Amino acid sequence: MLSRIAPSFENPNPTTYSDLVFQSADGHNFHAHKAIVSVRCPSLIKDIAETGPIEIDAPASVLLAVLRFLYTDAYNFRTARVTLAEVNMLRQFATKLNLPRLLVLVCSTHGWVSEDTAGLNARIPRLAADLAKLRHSTELSDIELHVRDSTVNGEADTVFLCHKALLCANSDYFEKLLSGMWNQLHEENNRTIVSLEDIDIPAATLDKLLDYMYGVGKDVLQPCSGGGEHRIKELFSIMHWAGYFAMGDFSTECVQFVEQRCITEHTICSLWTLAAAEGWHELQERCRKFFVSKFHMALGMQDFARVPKELLRTALDHGEITANTQFTIDTLLKWAEKNIQQQDYTTHNPCGPSPVPDVSRDACLHAINDLLPPHTFFNRETRAAVLLRKPAQ
């Protein structure tokens with residue numbers, strides 16, 4: 001969650017917006033973020049000097065091991081370069097700072113068992129729970145996100161108080177924005193003011209994205225599951241803006257959630273259209289596989305004529321559909337007629353109602369010819385059957 005902004009020997013100052021500097025006993029400086037350290041280990045910054053770094057009476061390897069634990073909830077003695085001679089010092093430091101989980105990790109990593117670590121697991125605070133404390137806290141917030149929500153009557157203005165460290169740890173967009181590489185940033189009352197009004201993101205969607213960034217539960221997407229139109233639209237909005245803000249891990253989770261929980265015969269048309277528009281090729285492939293596997297069930301759908309041509313064509317083109325029934329042929333013919341009618345209506349009558357146009361035999365055959373790939377046995381037989389009959393009425 002925060003590993004990308006955690007300090008290391010190779011990159012002691014991984015971000016330009018850090019507001020703390022720790023100095024080890026042997027003179028190494030490591031930059032950190034007050035908001036994160038304050039909820040993860042308050043005792044580490046209880047005596048903050050007004051100027052200059054916070055001096056820590058421990059070698060650089062021990063200090064770095066503690067800082068990386070605060071950001072990752074993990075202990076890696078190789079990354080921190082902790083020697084065996086320094087492990088006991090790290091244990092004492094973890095005890096002094098009241099970091100029971102770090103103490104457990106250090107002891108288990110090095111094969112030590114002691115009364116100090118017995119039974120600690122049940123009451124160890126975890127990273128997500130600690131960060132969740134910041135979600136609706138104005139304390140130490142250093143950025144304001146201003147949103148004008150056009151989905152609300154009157155275009156309501158909403159302000160979110162956030163923390164730069166959390167935004168940049170989860171979003172390439174905010175990392176670049178706050179680096180100043182796109183435009184000059186405006187400061188007011190010790191906070192950076194960022195207006196998102198020009199991109200028209202719904203406030204409810206941004207609220208969900210912030211929940212994810214702050215680790216407020218793992219069920220951010222759960223209310224969107226199911227086939228209801230409102231839920232699908234809400235999920236689409238979250239997926240779109242997660243991609244816009246370049247939230248890599250969350251974008252992937254959104255697509256996987258849709259694949260596993262949301263693809264049904266009632267939602268597949270909408271999902272395919274969205275995936276095609278957004279360039280989500282994995283989701284398109286999952287929709288195609290579902291459509292092929294449920295093809296004969298889909299044929300009986302009342303709104304089969306709404307199936308996008310590219311989805312139907314790619315499913316037929318794959319060659320997995322082998323059944324050759326008159327019902328299939330009739331349904332495909334009706335699909336062609338309905339789509340031709342819709343195209344004619346949209347092209348010639350964009351502003352008002354008109355009689356449904358008749359569909360000529362040649363036009364229907366042309367649509368079927370465009371739809372059906374010629375190289376599969378099933379579709380060769382379907383072509384032959386179409387040529388022998390009139391369009392369905």
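Trainee: Which residue stands opposite Gln23 in β2?

Mentor: That would be Asn29. Keep in mind that we're looking at a predicted model.

Trainee: Got it. And how do β1 and β2 pair, parallel or antiparallel?

Mentor: Antiparallel, with four bridges between β2 and β1, which spans residues 20-23.

Trainee: What packs on that sheet?

Mentor: Helix α2, residues 60-72, does, and the strands it touches are β1 and β2. The direction of α2 makes about 10° with that of β2.

Trainee: What's the strand order in the sheet?

Mentor: The order is β2-β1-β3, in an open sheet of three strands with mixed pairing. The edges are taken by β2 (29-32) and β3 (54-55), and each has a single partner strand, so one side of each has no neighbour in the sheet.

Trainee: Switching to the core: which residues have the most contacts inside the largest nonpolar one?

Mentor: Phe22, Leu196 and Phe245, in a core of 113 residues.

Trainee: Which element gives the largest share of this core?

Mentor: Helix α2 does, with ten residues. In general, nonpolar side chains tend to be buried together in soluble globular proteins.

Trainee: What does Phe22 touch, leaving out residues up to four places away in sequence?

Mentor: Quite a list, including His28, Asn29, Phe30, Val37, Leu44, Ile54, Leu63 and Leu67.

Trainee: Okay, new topic: how far does α4 reach from its first C-alpha to its last?

Mentor: It reaches 19 Å over 13 residues, 84-96, which is close to the 18 Å expected at 1.5 Å a residue.

Trainee: Which residues of α4 are buried?

Mentor: Glu86, Val87, Leu90, Arg91, Phe93 and Ala94. Those residues cover an arc of only 165° around the axis, which means they lie on the same side of α4.

Trainee: And what is exposed on the other side of α4?

Mentor: Ala85, Thr95 and Lys96 are exposed there.

Trainee: What do the buried residues of α4 pack against?

Mentor: Against two helices, α2 and α5, the latter covering 100-109.

Trainee: Which residue just after α4 takes a positive phi?

Mentor: Asn98, with a phi of about 60°.

Trainee: Last one, on β4: how many of its seven residues are buried?

Mentor: Five of them, so β4 (residues 143-149) is largely enclosed by the rest of the structure.

Trainee: Which strand do four bridges join it to?

Mentor: Strand β7, residues 191-195, and β4 and β7 run parallel.

Notes. Residues numbered from 1 in each chain as written. Predicted model: local features only at pLDDT ≥ 70, side-chain atom pairs only at ≥ 80, totals over all residues. Heavy atoms only, no water. Pairing = 2+ DSSP bridges. Contact = heavy atoms within 4.5 Å. Axes fitted to C-alpha atoms, helices over the stretch in contact; angles between N-to-C directions. Core = buried A, V, L, I, M, F, W, Y, C linked by side-chain atoms within 4.5 Å. Buried < 20%, exposed > 50% of the residue type's maximum accessible area, 1.4 Å probe, protein only. Expected span 1.5 Å × (residues − 1). Arc of directions from axis to C-beta.
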